[in-house]
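Hi everyone, thanks for coming.

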Amino acid sequence: VAEWRTKLGPCDCMAQNPSNAVISLGHANGCLTMWSPSVSKPLVKMLCHKGPIRDIAFLNDGNHMVTAGLDGKVSIWDVRNYKR
């Protein structure tokens, strides 16, 4: 068990990618970070929304992620290239 400080403010939601076990965290500043248990820094840091991220979900294939933000938007991301 480990604890890492993200320095990105409160973490409002968390989801695990079913294909590779990477954990995604949604933060209050609209940033999403992806973490591996063996690495002390985020693998990926991306700005997904203009406000807090409220929910994260992965499709069963693990290649696509859906984020919902308090800005009223829902975005679908391709996690292979981190684009909408």
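**A tour of the strands**

A strand here is a DSSP run of E with at least two residues, a helix is a run of H or I with at least four, and both are numbered from the N terminus. Tyrosine 82 has a positive phi of about 60°, although it is not a glycine. Tyrosine 82 is also partly exposed, with a relative accessible area of 37%. On that scale, buried means under 20% relative accessible area, exposed means over 50%, and partly exposed is in between, using a 1.4 Å probe and protein chains only.

Before we go on, two notes on the model. It is predicted, so to speak with care: local features need pLDDT of at least 70, side-chain atom pairs count only at pLDDT 80 or more, and totals for chains, interfaces and linings use all residues. Residues are numbered from 1 along each chain as its sequence is written, and side-chain values use heavy atoms, with hydrogens and water left out.

Now the sheet that β7 belongs to. In general, strands of a sheet pair through backbone hydrogen bonds, either parallel or antiparallel. Two strands count as paired if DSSP finds at least two bridges between them. Here we have an open sheet of three strands in the order β5-β6-β7, with antiparallel pairing. β5 (53-58) and β7 (74-78) stand at the edges with a single partner strand each, so one side of each is left without a neighbour in the sheet. On average, neighbouring strands of this sheet are turned by 20° against each other, direction ignored. For that angle, axes are lines fitted to C-alpha atoms, for helices over the stretch in contact, and angles run from 0 to 180 degrees between N-to-C directions.

How many bridges join β5 and β6? Five, in the antiparallel sense. Aspartate 55 stands opposite alanine 68 in β6. The hairpin of β5 and β6 has five residues between the strands, and glycine 62 in that hairpin takes a positive phi near 80°.

Moving across, β6 (residues 64-69) is joined to β7 by five bridges, and these two run antiparallel. Methionine 65 has tryptophan 77 as its bridge partner in β7, while histidine 64 stands opposite aspartate 78. This hairpin has four residues between its strands, and glycine 72 in the turn has a positive phi of about 85°.

Let's head back towards the start of the chain. β1 (residues 11-16) and β2 pair in the antiparallel sense over five bridges. Glutamine 16 has isoleucine 23 as its bridge partner in β2. Six residues lie between the strands of this hairpin. Alanine 21 lies in that loop, and has a positive phi of about 65° although it is not a glycine. Alanine 21 is partly exposed, at 37% relative accessible area.

On to the next pairing: β2 and β3 (residues 31-35) are antiparallel, with four bridges. Isoleucine 23 turns up again here, with tryptophan 35 as its bridge partner in β3. Three residues separate the two strands of this hairpin, and glycine 30 in the turn has a positive phi of about 90°. Why is β2 (residues 23-27) described as largely enclosed by the rest of the structure? Because four of its five residues are buried.

Next, the cysteines. A disulfide is a covalent bond between the sulfur atoms of two cysteines. Here it is counted when a pair of cysteine sulfur atoms is within 2.5 Å, and the structure holds zero disulfides. For cysteine 11, the closest cysteine sulfur is in cysteine 13, 6.3 Å away, which is too far for a bond. For cysteine 31, the closest one is in cysteine 48, at 7.2 Å, again too far for a bond. Is each of these two buried or partly exposed? Cysteine 11 is partly exposed, with a relative accessible area of 41%, whereas cysteine 31 counts as buried at 7%.
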